[in-house]
Amino acid sequence: MFVRAYLRASTKEQDASRAKADLEAFAKERGLRIAATYLENESGASLARPELFRLLSDCQPGDILLIEQVDRLSRLNTADWERLKDEIRQRRVRIVALDLPTSHGMATAKEDDFTSRMLDALNGMLLDMLAAIARKDYEDRRRRQAQGISKAKEQGRYKGRPEDEGRNAAIMSMLKGGQSWNSIVAATGASRSTLARLAKRMTEEA
């Protein structure tokens with residue numbers, strides 16, 4: 001059994017070092033060692049998360065997917081959450097979340113004992129509930145943001161998010177230098193959509 005830690009931050013400003021330390025402390029308290037850590041800067045509302053699926057492809061039956069909070073794993077809509085759960089079930093991976101105390105026993109329970117099966121059933125229900133709450137929180141925040149922007153536009157106060165000219169100039173320099181998109185994303189924390197927009201700008205300016 002391997003413990004694999006998953007860390008997700010939706011923006012580069014969100015420092016994952018504290019969460020990583022918390023996960024390491026949790027594992028150490030239980031005599032476990034984290035075999036690998038997977039970090040990415042992608043939205044929890046999207047299934048397009050290469051590191052999460054790389055983690056799952058690395059897993060063997062009985063491995064632990066360790067997360068700080070359920071919303072690090074999912075802010076997905078119902079259909080996408082079901083697809084992700086199916087992938088996890090097929091690979092027989094156990095989800096352990098620091099904010100879901102009932103899941104902690106999964107980290108040490110034996111694969112075939114009665115307690116493990118009961119915990120699995122209980123945690124499945126609780127994961128569904130917390131994932132639904134995380135999705136509602138995401139949708140509520142998006143709705144409030146859209147309402148705020150709409151109101152600001154009506155009052156002539158909305159100017160949009162200012163462009164990070166320094167970062168974008170560095171990204172375009174990397175693109176011109178032939179660096180891969182993956183390496184640029186890792187170095188800058190920019191999204192792939194930002195890279196696509198800047199690449200298009202370079203083409204238009206050429």
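The accessible surface of the chain comes to about 12300 Å², and 51% of this area belongs to carbon and sulfur atoms. The model is a predicted one. Of the 206 residues of the chain, 37% count as buried. The secondary structure consists of eight helices and four strands, arranged along the sequence in the pattern β-α-β-α-β-α-α-β-α-α-α-α. Among the contacts in the chain with a separation of 6 or more, 67% are made by residues 24 or more positions apart.

In soluble globular proteins, nonpolar side chains tend to be buried together. In this chain, the largest nonpolar core has 20 residues, of which Leu65, Leu73 and Leu84 touch the most other members. Two or more residues of this core are given by each of helix H2 (50-58), strand S3 (64-67), helix H3 (70-73), helix H4 (78-90), strand S4 (94-97) and helix H5 (114-154). Another core, of 14 residues, lies apart from the largest one; its members include Ala5, Ala19, Val96 and Met106. With neighbours within four places in sequence left aside, leucine 84 is in contact with Leu47, Leu52, Phe53, Leu56, Leu73 and Leu76.

Apart from neighbours within four places in sequence, the contacts of arginine 135 are Ala45, Arg75, Leu76 and Asn77. Glutamate 139 also lies in helix H5, but this residue is partly exposed, its relative accessible area being 38%. The C-alpha atom of glutamate 139 is separated by 9.0 Å from that of arginine 75, although the two residues are 64 residues apart along the chain.

Arginine 92 lies in the loop between H4 and S4. The phi angle of arginine 92 is positive, at about 55 degrees, although the residue is not a glycine.

Alanine 35 is placed in strand S2 (residues 34-40). This residue is partly exposed, with a relative accessible area of 33%. When neighbours within four places in sequence are left aside, alanine 35 is in contact with Phe2 and Val3. The C-alpha atoms of alanine 35 and valine 3 are separated by 5.6 Å, while the two residues are 32 residues apart along the chain.

Two packed helices are described by the angle between their axes and the distance between the axes. The axes of helix H6 (residues 165-176) and helix H8 (residues 192-205) come within 10 Å and cross at roughly 70 degrees. Angles of 65 to 115 degrees count as roughly perpendicular, and H6 and H8 are therefore roughly perpendicular to each other. On the H6 side, the residues that meet H8 are Arg167, Asn168, Ile171, Met172, Leu175 and Lys176. On the H8 side, the residues are Thr194, Leu195, Arg197, Leu198, Ala199, Arg201 and Met202. By class, the contact of H6 with H8 contains seven nonpolar, two polar and four charged residues.

Conventions: Residues are numbered from 1 along each chain as its sequence is written. This is a predicted model: local features need pLDDT of at least 70, side-chain atom pairs count only at pLDDT 80 or more; totals for chains, interfaces and linings use all residues. Side-chain values use heavy atoms; hydrogens and water are left out. A nonpolar core is a set of buried Ala, Val, Leu, Ile, Met, Phe, Trp, Tyr and Cys residues joined through side-chain atoms within 4.5 Å. Buried means under 20% relative accessible area, exposed over 50%, partly exposed in between (1.4 Å probe, protein chains only). Contact means heavy atoms within 4.5 Å. Accessible areas come from the Shrake-Rupley method with a 1.4 Å probe; for residues, only the protein chains shown count as cover. Axes are lines fitted to C-alpha atoms, for helices over the stretch in contact, and angles run from 0 to 180 degrees between N-to-C directions. Angles under 35 degrees count as roughly parallel, over 145 as roughly antiparallel, 65 to 115 as roughly perpendicular and the rest as oblique. Ala, Val, Leu, Ile, Met, Phe, Trp, Tyr, Cys and Pro count as nonpolar, Asp, Glu, Lys and Arg as charged, and the others, Gly among them, as polar.
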